Amino acid sequence: MPHPHPSHTHPHHADHEHGKPLIRFDHASFRYPHGPALEDITLEIADGEFVGVIGPNGSGKTTMLRAILGLMPPATGSLQIFDCACQNLRCHHRARIGYLPQKRAVDPNFPITVREAVLMGRAGAIGLWKRPGKADLAIVRHALEDVGMEDYEDHPLGALSGGQQQRVFIARALAQHPQILLLDEPTTGIDTTTQHNVLDLIQRLHEELHLTIVLVSHDINLIAPLAERLALLKTRLYALGPAKQVLTKEILAQVYGPQILTTDTGHVIVADHHHN
Amino acid sequence: MVDFLTLGFFQRSLMAAALTGGVCAVIGVFVVLRGLAFIGAGIAHAAFAGVALAYLVGGPPMPFAIAFGLGTAWITGLLEEQGRMKLDVSIGIFYTATMALAILFIGLMKTYNAEVYGYLFGSILSVTADELKLTAGLATVVVGLLALFAKEFFFLAFDQEMAEASGVPARRFFFLLLTLVALTIVVSLKTVGAILVFALLLIPAATAYQLTSSLRRMMAYSVAIGVLVSVAGVLLSFQFDLPAGPAIVLLATGVFFLAVAFSPKRAPKPALS
């Protein structure tokens, strides 16, 4: 794989021909034991679309991804994934959704090689009673090539840098041969250069593999140039549309409060500093 | 096929040691990686309480031990899932409560029963042919299931939520794993005892963990270490007339510290492919 370009400016999106909706929230609400997580969400995401989900901490961004994975049934309303109510999502459906969870510290001593970690992505697709075969190892190699990590197959995962581990986990999601890719804060905890590399990679996967992408980030400026539509969340869906429509001072102030600033270049400055 | 009945007590002890050490080392890999070590200790003590109750009421020890062991395994598993309480706290309570029950049951017995203590400290040198058969049968079941679902169990150990999200019925496998841990512990009670079985679950896997960065190799090393220290421990105990359980555990501990001292993970090599 040619290494991604030094910057990630992709101002022009090829106008993808989007297919039928793959994900359909219809007045869906999701609750945790201690209170509501998402209220009355109505949102359709089409096959091949790239949606960025933004919002402050605790606004339900991760919950939205967990719901799409079928890990949280709606309390009211409905959520359809692949024409299937999310609470009935079977394992073979889940295997078609690649998921990059929020970066957690990988125990640097956990004995697992890059190959073994990516091969885990095949588990759902292979099925219960079978063992991974040559075809699966070829898929693993291909997924590692897609993220530019093919030279690290035999390396211990814990010995890699944060950005390299993130690439390996993206490869694990790709090894599922997913139709939908869910990414939760893919650039958190890695340095700026690597952030741009990872985002370039995601953009390329979207364009070349026509993956439907739902990317969650608290960093509005980082994903605004990439996503075709932004969904602004704070328990409710406050706005949905292209970045230009969503990132206005009036709309953002409803969610982030009056301290929000927008610059002439379209950058958004939020007083809500947090680090996970 | 080995005919267990024709074996002398010495061969039986060696066979029991190899089987127990091996099966504990296999499942121990998942116990160590999934962070279930403390649950293992809780299960061992609960199973011992079951044995004590069996002797008190005149019932068969194994079914009582299995009921107590499985009960504890499943309840602590549910508690971990719900996450309402820190797991070490809930298991700590279970651990001491079941030990208190065991002491209570023993106290209620009218006569001193030395056999009960055999389950606490183990009596590998007096393993009967039937007990050996039971151990061999269990080892086959546990190792067979773990081998059949190796990719699922490894995924579970690495990241359970991710496994669930990728289409592996991770929750069911988690409870299957707890069940296998409980069965392994119960069957090892007679050979190494409730206190020391924990060491056989932990030490070979923890030692292997120090030595490699690959899941498959960790499994292979763990089994080799588990079988070797168990057999060597029995041989030492014969040679020097020592109790077998402590000989095995102390030998394993020694190997563990050697592995820590010489672990390649302490001095990472430059990564080249």
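Two strands pair if DSSP finds at least two bridges between them, where strands (E, at least two residues) and helices (H or I, at least four) are DSSP runs numbered from the N terminus. This is a predicted model, in which local features need pLDDT of at least 70 and side-chain atom pairs count only at pLDDT 80 or more, while totals for chains, interfaces and linings use all residues. Residues are numbered from 1 along each chain as its sequence is written, and chains are lettered from A and ligands numbered from 1 in the order in which they are written.

**Exercise 1.** Describe the side of chain B that touches chain A.

*Solution.* Counting contacts (C-beta atoms, placed from the backbone, within 7 Å), 23 residues of chain B meet 26 residues of chain A. Helix 7 (150-158), helix 8 (160-165) and helix 10 (215-240) of chain B each supply at least two residues of that side, and helix 8 of chain B gives the largest share, five residues.

**Exercise 2.** Judge the confidence of chain B.

*Solution.* The mean pLDDT (the predictor's confidence in each residue, from 0 to 100) of chain B is 88, with 95% of its residues at 70 or more. Over residues 267-273 of chain B, however, pLDDT stays under 50. Where pLDDT is low, the predicted coordinates should not be read in detail.

Technical notes:
Two residues are in contact if their C-beta atoms, placed from the backbone, lie within 7 Å.
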